[in-house]
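Please look over the sequence and the model shown below before reading on.

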Amino acid sequence: MDKHFDQYWQAVLNRDSNRDGQFFYGVLTTGVYCRPSCAARTPLRKNVRFYASQEAARENGLRPCKRCQPDANIDARHNLMHEICRYIEKHYQQRLTLALLAEQAGMSPSHFQRSFKAVVGMSPKKYQDGCRIRMFKDSLKSHLKPEGNITQAMHSSGYESSSRLYEKIDTHMGMTPGTYRRGGADELISYASAETVLGPVMIGATDRGICFLQFDDADDRLLAQLNLEYPKASFQPMPIETQPQFDQWIAQLNEFLEGKARVLDLPMDIRGTAFQCMVWDYLVSIPSGTLQSYTEVANGIGKPKAVRAVASACANNKIAITIPCHRVIRGDGSLAGYKWGLARKRSLIDLERRVLVDD
Ligand SMILES: [Zn+2]
């Protein structure tokens with residue numbers, strides 16, 4: 001059986017209820033699937049299979065265990081949390097405290113916070129921010145001209161002051177509203193490449209952050225790829241004054257790839273369609289060392305039917321690792337594709353698992 005699942009197996013041995021809802025395990029000899037915390041006798045390792053979802057287990061001909069009832073509570077919790085999502089979407093312009101939302105869910109604030117995160121993949125606060133930013137981007141695009149409309153868009157998205165908005169936009173969208181309106185054209189991208197354990201990497205950056213981080217076995221194909229991703233931009237080799245910044249990014253990247261740092265936190269300048277940005281934003285919220293299926297991501301962004309579009313947004317990721325599309329796999333546990341080669345995807349998943357176990 002795949003060594004990627006060692007961590008899942010450990011959770012089963014520990015009957016770790018914190019992992020409930022994150023994966024399910026099936027027992028081939030009894031034909032049932034369980035939650036990690038199931039109190040039934042621990043099956044033999046060789047008879048166990050792991051699934052990202054109940055659907056995947058059922059597709060394999062398994063039925064829910066009567067003892068731990070893997071469907072019942074989790075479905076109820078899923079539905080409840082999705083109801084809260086709808087509530088946030090309706091009231092995103094208001095100040096929604098954790099206490100208020102927890103009361104809506106009939107839970108204690110800490111239990112609610114944990115449940116929401118487990119089901120939706122991000123905190124309620126981040127979800128509300130996401131709603132605001134989506135609405136703001138939509139209204140920006142729907143009235144494409146005068147400067148004044150930015151203020152209007154801002155107010156209708158529930159932002160009290162422009163400084164607060166720009167602060168949010170910077171982390172989520174990477175571009176100031178003015179640039180976003182112009183479609184990101186006329187940008188100057190500085191680039192440089194370096195060697196990593198995953199092979200040659202190229203970083204491209206605007207003055208707001210990294211907009212390109214990609215790998216290739218052949219150094220010379222990277223620049224062609226950069227041109228392909230940003231056909232409207234102009235390019236220059238990394239100027240001498242920003243070289244120290246570039247060296248620091250590469251040092252951070254290498255520390256991460258060598259397992260010395262748990263997270264890779266680089267400034268990003270994210271360019272994409274509204275849908276792609278929504279998917280990429282969501283990917284950033286998937287914790288290191290964990291995996292989700294394309295279906296789970298589609299559910300996570302509230303578009304359960306958009307599984308293919310989600311896969312395509314992952315395939316069009318321009319910023320490897322920092323936007324962790326390598327944490328998305330097929331529901332049956334197979335790796336699916338990876339823009340920079342399956343060997344790199346496997347290395348990254350292994351690496352994050354190892355770091356998680358060492359912690
Ligand atoms: Zn069970």
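## Metal site and sheet

Cys65 and Cys68 are both buried, a term that stands for under 20% relative accessible area, with exposed meaning over 50% and partly exposed in between (1.4 Å probe, protein chains only). This is a predicted model, in which local features need pLDDT of at least 70 and side-chain atom pairs count only at pLDDT 80 or more, while totals for chains, interfaces and linings use all residues. Residues are numbered from 1 along each chain as its sequence is written, and side-chain values use heavy atoms, with hydrogens and water left out.

The zinc ion has as its protein donors Cys34 (SG), Cys38 (SG), Cys65 (SG) and Cys68 (SG), at 2.2 to 2.5 Å; donors are N, O and S atoms within 2.8 Å of the metal (3.2 Å for Na, K and Ca), and because water is not among the atoms, sites may look incomplete. Along the chain these donors follow the spacing C-x3-C-x26-C-x2-C.

Further on, an open sheet of 4 strands runs in the order β7-β6-β5-β8 with mixed pairing, where strands are DSSP runs (E, at least two residues) numbered from the N terminus, and two strands pair if DSSP finds at least two bridges between them. The edge strands, each pairing on one side only, are listed here.

| Edge strand | Residues |
|---|---|
| β7 | 209-215 |
| β8 | 234-237 |

Strand β5 (residues 188-196) pairs with strand β6 (residues 199-206) in the antiparallel sense over 7 bridges, and Ser193 has Met202 in β6 as its bridge partner.
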